[in-house]
Amino acid sequence: MAFEIVTLKVAGLMLRPLTIAIEIAMDEAARNFEAKVKHPELAQRDLLIALRGSPAVTIHALASDGYSPPGGADGGDLLLTGHVEKRSPALRSSEQELPIAGRSKTGDLVDSSAEHATGEFEGKTPQAIIGELTQGYGVAVETETSPAARPLFRMRPGETVFAAAERIGRAAGFAVGDTPEGNLKLAKAGTKRHAGSLTEGLNILDASAVHDDSKKFSKVKVRAQAPDGYGDDDLKIEAEADDDTLKRKRVKIIVPPELIRKQDARERAKWHRDRASGEGMTCEVTVPGWRDEAGKIWTPGLLVFTEMPSLDVVQDMLIKKVSLRQSDDSSAGTQAVLSLVDPRSFGGKKGKANKGTDYTGKAGGDDE
């Protein structure tokens, strides 16, 4: 698998890290990185000074075989747009590399309190609400989903921009992550997938799985009130969703912190049921390199067929989180650690081909 030529462009410098780790998640607002860097013409002190004040940084990756997908810049694929936030120099007998760390531009939304003139939004879509809260931060809001307008959304005193966005996402059934350009991304599991598959004995270095039925409930109920009105359908809203795969009684009652309409309560119950069932199957898989069979960087939110019969996992899985790692240590080299979940965790369809598989790689039919 190709070694990645990684470039950090920061403070007018172009740095090639000796080691780097980048973490990207579907449901975390800011991707982050840690790296060890040196500059051929600058002493550690000079590099330390050059990186003062949280300078802007972009990180690109180019496979050493020269492959760069269509649309990639000359420096390869853009992985992160953000800031260097941490420098950790040390005095040693001989000068060493400088450890640095940083986050996407969206990291400011994780730390900063949300501000709005009234703290209330009526009849606006989640994208519009979050867009207003991100004004002034240089962060756009992108979406792959089309949630309906909310009758009413009230901010909580002191909550951060991301906390408000995440609360909206829980109600509307989408996750809030970020993009390589440093923008927010509203997404749920869809049909986009990586080329090829993750296959036991072929391209998997290490893997583990957790099958946890304690996440499931036979019945999920949502009890709430509408934002206005005085009838029974406004004051005593209740909806439920059943999970027929669990034969014993386990009931989960959810009282949303926000007011919702009756027609939304059913979808909210189904979302919680499916998310709980989906989180009952998780995997962590280490693969060589940072790219799939088509040369695309492993990306959260995409599906990948995962065939690990020894772990009782043979189905489509959703990439929830990616950790890209590279060092000059020959024992580690260039690897990606993929955190996988059942697609239902993020509003997708139930993974296919798990039940009835004969463990020879031949699926025994859908599990739906």
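**Exercise 1.** Determine which strands helix H3 lies across, and at what angle H3 runs to S9.

*Solution.* Helix H3 (residues 126-133) lies across S9 and S12, where contact means heavy atoms within 4.5 Å. The direction of H3 is then compared with that of S9, giving about 160°, with axes fitted to C-alpha atoms, for helices over the stretch in contact, and angles running from 0 to 180 degrees between N-to-C directions. Helices (H or I, at least four residues) and strands (E, at least two) are DSSP runs numbered from the N terminus. The model is predicted, so that local features need pLDDT of at least 70, side-chain atom pairs count only at pLDDT 80 or more, and totals for chains, interfaces and linings use all residues. Residues are numbered from 1 along each chain as its sequence is written, and side-chain values use heavy atoms, with hydrogens and water left out.

**Exercise 2.** Work out the strand order of the open sheet of 3 strands.

*Solution.* The order is S9-S12-S11, with mixed pairing, two strands being paired if DSSP finds at least two bridges between them. Strand S9 (141-143) and strand S11 (175-178) are the edges, each pairing on one side only, and the twist averages 30° from one strand to the next. S11 and strand S12 (residues 184-187) pair in the antiparallel sense over 4 bridges, and Gly-177 stands opposite Lys-185 in S12.

**Exercise 3.** Identify what covers the buried residues of H4.

*Solution.* The buried residues (under 20% relative accessible area, 1.4 Å probe, protein chains only) of helix H4 include Val-161, Phe-162 and Ile-168. Their cover includes helix H2 (107-111), H3, strand S10 (150-154) and S11. H4 is followed by Gly-173, whose phi is positive, near 80°.

Terms used. Buried < 20%, exposed > 50% of the residue type's maximum accessible area, 1.4 Å probe, protein only.
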